[in-house]
Amino acid sequence: MSEEPSHIQDPYVQLLKRQIKRAETLTAEHLTCRRGALGHHWQAVQPDFKTNVRGALAVAYQCQGCLCIKRGVVSKRYGEWLANPSIEYPEGYLLAKVGNEPTVSAQSVRAAFVALVQSDIEGLPEMIALEHHGGVPTG
Ligand SMILES: [Zn+2]
């Protein structure tokens with residue numbers, strides 16, 4: 001049984017393998033921030049721009065992991081984005097396009113991320129036990 005089963009060789013799995021290889025080239029911070037891993041952890045920061053739209057607020061958030069910055073203009077009253085927010089990524093975060101195929105997928109990021117994390121499981125923080133007060137755990 002040295003050959004992989006046929007389902008492993010299908011085009012989807014081949015694409016996934018290429019995506020996992022690309023995900024593995026990311027730094028730990030950049031990998032951790034991606035969809036499929038933990039995602040960005042945003043903090044509100046002072047915006048470096050202003051808006052003159054009435055009833056609107058310029059907002060900026062920065063990820064404490066990869067340091068990317070999200071900027072946008074939000075309606076104070078209803079909270080909708082008045083223009084799509086833009087994200088400025090640090091160098092190395094975005095992967096070079098390869099043809100038309102998605103560079104990585106959430107699944108490929110998850111595969112690379114769990115491999116990274118599991119290789120250092122001793123370095124993970126300990127879980128803090130939740131106190132239960134007679135409630136039934138859900139979800
Ligand atoms: Zn991030």
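Colleague: Which residues of H1 are buried, and what covers them?

Modeller: In H1, Gln19, Arg22 and Ala23 are buried. They share one side of H1, because their arc around the axis is only 95 degrees. The opposite face, turned away from the buried side, carries the exposed residues Val13, Gln14 and Lys21. What covers the buried residues of H1 includes H2 and H3.

Colleague: How far apart are the end C-alpha atoms of H1?

Modeller: H1 has 13 residues, and at 1.5 Å a residue the helix should span 18 Å. The model agrees with this expectation, since the end C-alpha atoms of H1 are separated by 18 Å.

Colleague: In what order do the elements of the protein run from the N terminus on?

Modeller: The protein has three helices and four strands. Read from the N terminus on, these elements follow the order α-α-β-β-β-β-α.

Colleague: Which strands are the edge strands of the sheet?

Modeller: The four strands form an open sheet with antiparallel pairing, in the order S1-S2-S3-S4. An edge strand pairs on one side only, and this holds for strand S1 (42-45) and strand S4 (86-88).

Colleague: What is the bridge partner of alanine 58 in S3?

Modeller: Strand S2 covers residues 56-63 and strand S3 covers residues 69-75; the two pair in the antiparallel sense over seven bridges. Within S3, the residue bridged to alanine 58 is valine 73.

Colleague: What is the phi of leucine 67?

Modeller: Leucine 67 is found in the loop between S2 and S3, and counts as partly exposed because it has 14 C-beta neighbours inside 10 Å. Most residues other than glycine have a negative phi, and most peptide bonds are trans. Leucine 67 is not a glycine, yet its phi is positive, at about 70 degrees.

Colleague: Is glutamate 80 buried or exposed?

Modeller: Glutamate 80 lies in the loop between S3 and S4. Its C-alpha atom is separated by 9.6 Å from that of alanine 56, although the two residues are 24 residues apart along the chain. Because 9 other C-beta atoms lie within 10 Å, glutamate 80 is exposed.

Colleague: What percentage of the residues of the protein count as buried?

Modeller: Among contacts in the protein between residues at least 6 apart in sequence, 45% join residues at least 24 apart. The protein has 139 residues, and the share that count as buried is 13%.

Colleague: What is the mean pLDDT of the protein?

Modeller: Where pLDDT is low, the predicted coordinates should not be read in detail. In the protein, 89% of the residues reach 70 or more, and the mean pLDDT is 91.

Conventions: Residues are numbered from 1 along each chain as its sequence is written. This is a predicted model: local features need pLDDT of at least 70, side-chain atom pairs count only at pLDDT 80 or more; totals for chains, interfaces and linings use all residues. Two strands pair if DSSP finds at least two bridges between them. A residue is buried if 20 or more other C-beta atoms lie within 10 Å of its own, exposed if 12 or fewer, and partly exposed in between; C-beta atoms are placed from the backbone. pLDDT is the predictor's confidence in each residue, from 0 to 100. Two residues are in contact if their C-beta atoms, placed from the backbone, lie within 7 Å. The expected span of a helix is 1.5 Å times one less than its number of residues. The arc is that of the directions from the helix axis to the C-beta atoms.
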